[in-house]
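Reader: Please give me a close look at a single part of this model. Then place that part in the rest of the chain.

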Amino acid sequence: MTDAPQPRELRIEFYSAAGDKLDATPLVGNDIAEFSRTAAEKRIGTFSLKVPYPAGAEVVNGRQIWVYRGGELIFKGEINSIVTQLDNGQRVKVATGSTPARLKLVKKTTLNVRFNDSLATIGETLLSGTGYSVGQFDVPVTNMVIPFFGNTIWDALSKVADGFNYLLREDVVAAEIDMGEFGDYSGLTFLNVAQHAPDLPKI
């Protein structure tokens, strides 16, 4: 799904890797040439941000971006890579990265055990100390013995979801992990266009 709002609808603020707000000028309006985010079932979310010069001074590797639309926080991500390129003759900075789950949930779990417990309890145990918590977890009619043997936390969660034939997704704003029979979802792309064309989709 693609969205192309007017530039005033987006505001991007900068935070440290630890999540502390920085004294940095936010990106608004024409400072944002393009922003897109992608989230898919069983995949850690990613994003891409394109900023024309000279507005991109605050776009720095390792910083978090918090993206607001109409005053509502819609995304958090950490910048992992930055490249400079020409876009229709204009110099732009392109930053890409992922949600905080990339750092917090790809560590290997020390739980070299088999679980035979409720789904919520397994989720709470795996997510303990990660900064993420259990969100929407369905309640299966039975428990299941699931071995982990040193998988990453994300892979262990995926293994649990597979065991119950459930879907797994990340709620990056709430810092929660959901697991259940809900539908899949994809990302949004925000484009800074000079004029809203009639054939551009609206949401």
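Author: First, a term: a residue is buried if its relative accessible area is under 20%, exposed if over 50%, and partly exposed in between, using a 1.4 Å probe and protein chains only. This is a predicted model; local features need pLDDT of at least 70, side-chain atom pairs count only at pLDDT 80 or more, and totals for chains, interfaces and linings use all residues. Residues are numbered from 1 along each chain as its sequence is written, and side-chain values use heavy atoms, with hydrogens and water left out.

Start with one residue. Ala 24 sits in the loop between β1 and β2 (27-28). Strands here are DSSP runs of E, at least two residues long; helices are runs of H or I, at least four; both are numbered from the N terminus. Is Ala 24 buried or exposed? Ala 24 counts as buried because its relative accessibility is 15%.

What does Ala 24 touch? Leaving aside residues up to four places away in sequence, Ala 24 touches Phe 14, Glu 58 and Arg 63. Contact means heavy atoms within 4.5 Å. Phe 14 is 10 residues from Ala 24 along the chain, and their C-alpha atoms are separated by 6.5 Å.

Now the strands. β1 covers residues 10-15 and pairs with β5 in the antiparallel sense, over 6 bridges. Two strands count as paired if DSSP finds at least two bridges between them. Within this pairing, Val 67 of β5 is the bridge partner of Ile 12. β5 itself spans residues 64-69 and is mostly covered, with 5 of its 6 residues buried.

β5 has another partner. Strand β6 (residues 72-87) runs antiparallel to β5, and 6 bridges join them. Here Gln 64 has Glu 78 of β6 as its bridge partner. The hairpin of β5 and β6 has 2 residues between the strands. In that hairpin, Gly 70 takes a positive phi near 60 degrees.

Next, confidence. pLDDT is the predictor's confidence in each residue, from 0 to 100. The chain mean is 80, and 81% of residues reach 70 or more. Residues 1-5 stay under 50, and the model has 21 contacts beyond four places in sequence for them. Residues 194-198 also stay under 50, with 3 such contacts. Where pLDDT is low, the predicted coordinates should not be read in detail.

Elsewhere, an open sheet of 3 strands has the order β9-β12-β11, with mixed pairing. Its edge strands, β9 (133-137) and β11 (167-171), each pair on one side only. β9 runs parallel to strand β12 (residues 176-180), and 3 bridges join them. One of the bridge pairs is Val 134 with Ile 177 of β12.

Two helices lie over this sheet. Helix α2 (residues 119-127) lies across β9 and β12, at about 150 degrees to β9. Helix α3 (residues 153-163) lies across β11 and β12, at about 140 degrees to β11. Axes are lines fitted to C-alpha atoms, for helices over the stretch in contact; angles run from 0 to 180 degrees between N-to-C directions.

Finally, the whole chain. The chain has 3 helices and 13 strands. Of its 203 residues, 41% are buried. Among contacts between residues at least 6 apart in sequence, 59% join residues at least 24 apart.
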